[in-house]
Amino acid sequence: MLMTIPGLALFYGGLVRQKNVLSVIMQCLACVAVVSIMWVAFGYSWVFGTGFKESGSFLNFFIGGFDKVFLNGVTTSSLTTPANIPEIIFVLFQCMFAVITPALIIGAFAERIRFSGFLLFSILWSIIVYNPMAHFVWGGGWLQQMGTIDFAGGTVVHVNAGVSALIMAIMLGKRSDYRPGKPMSPHNITFVFMGAAFLWLGWFGFNAGSGLAADGLDANAFLTTHLATCVAAVTWMIIDWMTNRKPTTVGVCTGAVAGLVAITPAAGSVGVLGAICIGMITAIVCFCMVAYIKPKMGYDDSLDAFGVHGVGGIIGSILTGVFATKAITGGPQGALYGDWHQLGVQLLATGFAIVYSAVITFILFKIVDKIIGIRVAPREEEEGVDVYEHGESAYC
């Protein structure tokens, strides 16, 4: 909750121009409210239900079932297994993953999307993309059965949202005044810092909380999350300093977020060495993606949702198969320690997430654009989405 509002809302809101900040905030608010309702109504049941598995239905490949619709059977005394915590707590905890994932995509199409188009797309995307992916990896689906390691959402959250962000950015087209290699200045860097700080703090709940117990595994996830983030922030700062002659606040904040993204799937399986390497490698690759590759390719990923979340998630998911250690997992380990099979599993899971997310997002974009339209009119884009879409101005 802290990560989405206020964290992501401030981080993305500070990066856009003054005339569009409220549109970003509204989109984050809408994700929290609408997706939470859908999660309680049927999302939780689709991801973690067991009705189709017990009945032997082929639908179990995609969703768990309808046995827990509107939290049917979830009482104040029901517990999750094997964590043995109140199931209501688990429902709400997982709800926050469902909430923030579509919100991450906002960074790709910021400043040029209709609110109605965004809302319908986000609803359909949550149902058809997020819920099945979460079931595949966490809800007993085939990727989980295959042994995929995704401690807190590398494939389910970041690869899923990041790849969708790239598809949306390409299909929606560039902002009218976008010029490759000439980024538009953030309107409020203090907001960017505040958002990054909230994200960093909230991410401890995201990652450390995914162990579902206050034990050594949670403690390791807590430590590796913080360490990888620090390494990524410092690495980005050094590269920024060397290439642009000045270390920037936006750069350090972006590096920190990249580190948080990449360590997410690995936090419960790597140690200090893995955290340091993942943080450093991710910062270097994501910096190159944002500073060099994106301008050369010419697509307009407004706030680098793909360059940071998509690429960072891909790196983290794959490197989990390199640096996972038996000392933390108690079983599987990475290629660095001789288990090349786990790396193969991570590559397959990551590749599937990329393809699934890209294909379904492409289809959903076409459907939503045909029904109600997605992009705002040129004049509305020029004068600001806030006034035309929401009838408000952030600063009087």
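**Aromatic pairs, a covered helix and one serine**

Mentor: This predicted model holds 27 aromatic pairs.

Trainee: Why is the pair of phenylalanine 48 and phenylalanine 90 called edge-to-face?

Mentor: Their ring centres are 5.0 Å apart and their planes stand at 70°. A pair needs centres within 6.5 Å, and edge-to-face needs planes over 60 degrees apart.

Trainee: Why does phenylalanine 48 count as buried?

Mentor: Its relative accessibility is 14%. Buried means under 20%, so phenylalanine 48 qualifies.

Trainee: And why does phenylalanine 90 count as buried?

Mentor: The value for phenylalanine 90 is 10%. That is also under 20%, so phenylalanine 90 is buried.

Trainee: How do you know that phenylalanine 287 and tyrosine 292 form an edge-to-face pair?

Mentor: The centres of their rings lie 6.2 Å apart, with the planes at 65°. The distance is within 6.5 Å and the angle is over 60 degrees, so the label holds.

Trainee: Are phenylalanine 287 and tyrosine 292 buried or partly exposed?

Mentor: Phenylalanine 287 has a relative accessible area of 6%, so it is buried. Tyrosine 292 comes out at 42%. That falls between 20% and 50%, so tyrosine 292 is partly exposed.

Trainee: Which residues do ring pairs link into a cluster?

Mentor: Phe61, Phe62, Phe136, Trp142, Phe352 and Tyr356.

Trainee: What makes helix α1 mostly covered?

Mentor: Helix α1 spans residues 3–15, and eleven of its 13 residues are buried. Among them are Met3, Leu8, Phe11, Tyr12 and Leu15.

Trainee: What do the buried residues of α1 pack against?

Mentor: Their partners include α2, α4, α5 (106–109) and α13 (305–323). Also on the list are α9 (189–208) and α11 (249–263).

Trainee: Why does serine 116 count as partly exposed?

Mentor: Serine 116 sits in helix α6 (residues 115–137). Its relative accessibility is 31%. Under 20% would be buried and over 50% exposed. The value lies in between, so serine 116 is partly exposed.

Trainee: Which residues does serine 116 contact, leaving aside neighbours within four places in sequence?

Mentor: Ile372 and Glu389. The C-alpha atoms of serine 116 and isoleucine 372 are separated by 7.6 Å. Along the chain, these two residues are 256 residues apart.

How values were computed: Residues are numbered from 1 along each chain as its sequence is written. This is a predicted model: local features need pLDDT of at least 70, side-chain atom pairs count only at pLDDT 80 or more; totals for chains, interfaces and linings use all residues. Side-chain values use heavy atoms; hydrogens and water are left out. Helices (H or I, at least four residues) and strands (E, at least two) are DSSP runs, numbered from the N terminus. Buried means under 20% relative accessible area, exposed over 50%, partly exposed in between (1.4 Å probe, protein chains only). Contact means heavy atoms within 4.5 Å. Rings of Phe, Tyr and Trp (its six-membered ring) pair if their centres lie within 6.5 Å; planes under 30 degrees apart count as stacked, over 60 as edge-to-face and the rest as tilted.
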